[in-house]
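Please open the model in your viewer and keep the selection panel at hand; the tour moves from one selection to the next and says what is there.

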Amino acid sequence: REVQNTETRTKTFRIMNKKQTKVNVVVRLRPALKTDDKSCVFVDGKSLEIFNHRNVNENIKYDFSAVYDINTHQQTIYQECVKPQLLHSLNGQNVSIFAYGPTGAGKTHTMLGSATDPGVIPRVINGIFHLIEEQKKTDTMEWSESVKFSYLEIYNEKVMDLLDPKDTDLPIREDTEKNILIPGLGEKEIHSFDEFKTYFGPASNNRTVAATKLNERSSRSHSILLLKIKRTQKSAPYKTLHGKIYLIDLAGSEDNRRTGNKGIRLKESGAINKSLFVLGEVVDAINCCLPRIPYRNSKLTRLLQDSIGGSCHSVMITNVAPEERYYYDTYCTLNFATPRIEILANKTPMIPEQDPIPAKKPRLTAKEPDKPPQM
Ligand code: ADP
Ligand code: MG
């Protein structure tokens with residue numbers, strides 16, 4: 001296909017430093033929920049195209065390190081994006097896996113899944129125990145292991161314990177070795193997947209009980225599962241390795257300010273947008289090898305300071321929905337951490353059935369000035 005070079009935007013820094021990219025950004029497109037829903041997203045190998053709302057004769061093409069289409073199984077996501085990272089955690093390194101995207105695009109499906117179609121979290125728990133057993137077969141030295149997990153959410157820039165709920169905003173601290181920790185955060189040692197389930201089920205319910213409207217809260221909070229893996233040699237020199245795995249179902253990336261939220265909801269939206277905005281800046285800074293990474297600008301990135309960037313292994317699974325009504329969210333989501341964008345001629349123009357950009361709320365009176373959101 002002929003490339004119309006009307007506009008080729010390339011984040012030059014990132015391309016120059018491709019070998020040093022630390023956060024691996026992939027995309028997963030979920031199937032349409034109704035068979036008669038028209039799709040506005042097309043997958044072609046490692047790239048993905050949507051129409052250009054500024055010119056329907058053009059498509060915008062995004063290149064990622066991998067694009068997973070509607071037929072992708074949970075096992076494939078785990079096998080290709082997540083499993084390769086687990087070994088690093090056994091070797092004392094930190095890992096973070098994120099699901100990013102608008103509400104309804106498949107983040108929770110990807111991370112948690114269902115009993116019949118389990119996602120990343122149950123597969124990682126099973127995978128870790130399996131890997132520990134596998135390692136024992138090849139290790140020349142004997143090790144003892146402990147696996148502990150914590151479960152928390154960041155809601156409205158507050159750190160809330162879900163495993164051992166306390167109704168307080170927990171502090172985030174850094175020790176002398178630059179490890180990030182949350183003093184007082186509940187944790188449970190687990191020895192099997194079944195044991196994990198007995199703790200995780202009630203902890204998930206804590207999230208439900210705390211929410212007035214579950215969907216609203218779950219789409220506005222970052223849900224964070226932390227696994228700590230400690231391995232100690234059973235004989236001299238008694239080396240100890242500490243590895244962490246963060247599995248994160250991020251808050252919805254849609255811009256809630258556009259839907260006319262007010263009061264507390266507006267405050268939440270602002271906070272969530274701030275966290276996601278800073279996460280975008282952090283990912284960009286890492287992938288562009290910038291000297292300063294703005295970890296401290298949000299609770300989420302501060303917490304992840306020792307688990308994203310540096311020698312850590314991070315994968316961002318960007319979830320998008322195919323339906324036209326998601327067009328604008330998809331467009332914004334794909335622009336979040338995209339290495340390369342191109343504009344292509346589209347021989348069969350995609351004419352949207354409705355304006356893809358949601359209308360801003362009209363002003364009440366012509367004279368009323370814009371007020372800043374009440375924080
Ligand atoms: P999010 O957590 O991003 O708000 P969900 O994971 O709840 O979105 O997904 C929205 C709906 O789409 C759910 O009913 C979910 O089961 C379904 N879904 C998401 N991804 C897939 C997929 N890859 N295959 C089948 N159904 C999916
Ligand atoms: Mg969800």
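Begin by selecting F51 and Y327, both of which are buried, where buried means under 20% relative accessible area, exposed over 50% and partly exposed in between, with a 1.4 Å probe and protein chains only. This is a predicted model, in which local features need pLDDT of at least 70 and side-chain atom pairs count only at pLDDT 80 or more, while totals for chains, interfaces and linings use all residues. Residues are numbered from 1 along each chain as its sequence is written, chains are lettered from A and ligands numbered from 1 in the order in which they are written, and side-chain values use heavy atoms, with hydrogens and water left out.

A search of the whole structure gives nine aromatic pairs, a pair being rings of Phe, Tyr and Trp (its six-membered ring) with centres within 6.5 Å, stacked if the planes are under 30 degrees apart, edge-to-face if over 60 and tilted for the rest. The rings of F51 and Y327 have centres 4.4 Å apart and planes at 20 degrees, so this pair is stacked. F51 belongs to strand 4 (residues 47-52) and Y327 to helix 9 (residues 327-334), so that the pair links distant parts of the chain, 276 residues apart; helices (H or I, at least four residues) and strands (E, at least two) are DSSP runs, numbered from the N terminus.

Next, select F149, Y151, F193, F196, Y199 and F200, which form one aromatic cluster.

Then show W143 with R231, whose charged end sits over the W143 ring, 4.4 Å from its centre; the criterion is NZ of Lys or CZ of Arg within 6 Å of the ring centre and within 35 degrees of the ring normal. From R231, go on to Q135, which touches R231, L87 and L90, not counting residues up to four places away in sequence, a contact being heavy atoms within 4.5 Å. Q135 lies in helix 4 (residues 120-138), and because its relative accessibility is 16%, Q135 counts as buried.

Finally, select ligand 1 and its surroundings, among them R28, R30, P102 and H109, taking residues with a heavy atom within 4 Å. Helix 3 (residues 107-111) provides the largest share of this shell, three residues. Oxygen atoms of ligand 1 lie 3.0 Å from a polar backbone atom of G106 and 2.8 Å from a backbone N or O atom of K107.

Notes. Polar contact = N/O pair within 3.5 Å; in protein donor to acceptor, adjacent residues only side chain to side chain.
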